[in-house]
Amino acid sequence: MASLSEILELSRGARRRRGLPAVVLMLIAFGVGGGATIALTETGLADWMLGSSRASSAIAQRAFPVCAGSVRSTCVVDGDTFWLEGVKYRVADYNTPEIGQPQCPTEAALGRKATSRFAQLLSEGPFEMRRIDRDEDQYGRKLRIVERNGKSVGEVLVAEGLAHQWRGRREGWC
């Protein structure tokens, strides 16, 4: 967005060239700036850019069953992925064993336990979802950290041996 001094300088140049009046130029500049402000606010980018505490959202208590079938609205896919009101989320601060394509029977068993425990943790009461440095992963899932009373749900799963803290790559379970 142009500074006030840049707008005034453009205005002076326009008057010299007998172009658009200064008032019109200022209205255009403020309109563009206002539109950009609205867009940043509505998309949540302003909160992310400013590190605002508003970049989290509270979720009321509800049941989170394990997903079954192809129609998914609010359910748990696995130990670190869930659906909430038709939007798919990937929890960003930990990783759990795979249940879709496990590398060994141990990973499959831990994956089922992590999925069940995650569904239980989400269903226990209200929680907050906090944004991270990017909104989505490469699969289109919203990336969030899930917290209750200021503590990450991931910390519980890591402490129980059902998850690894996310370090930027998957770690083995076999």
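A disulfide is a pair of cysteine sulfur atoms within 2.5 Å. This structure holds 2 disulfides. The model is predicted: local features need pLDDT of at least 70, side-chain atom pairs count only at pLDDT 80 or more, and totals for chains, interfaces and linings use all residues. Residues are numbered from 1 along each chain as its sequence is written, and side-chain values use heavy atoms, with hydrogens and water left out.

**Pairing**
- With the bonded cysteines of the chain numbered in sequence order, the pairing reads 1-2, 3-4.

**Cys67 and Cys75**
- Cys67 is joined to Cys75 by a disulfide, with an S to S distance of 2.0 Å.
- The link of Cys67 and Cys75 is right-handed, with 90° about the S-S bond.
- Cys67 counts as buried (under 20% relative accessible area, with exposed being over 50% and partly exposed in between; 1.4 Å probe, protein chains only) because its relative accessibility is 14%.
- Cys75 also counts as buried, at 6% relative accessibility.

**Cys104 and Cys174**
- The disulfide between Cys104 and Cys174 has an S to S distance of 2.1 Å.
- The link of Cys104 and Cys174 is left-handed, with -100° about the S-S bond.
- This pair links distant parts of the chain, 70 residues apart: Cys104 lies in the loop between β5 (94-95) and α4 (105-123), and Cys174 in the segment after β9 (164-165).
- Helices (H or I, at least four residues) and strands (E, at least two) are DSSP runs, numbered from the N terminus.
- Cys104 counts as buried because its relative accessibility is 16%, whereas Cys174, at 64%, counts as exposed.
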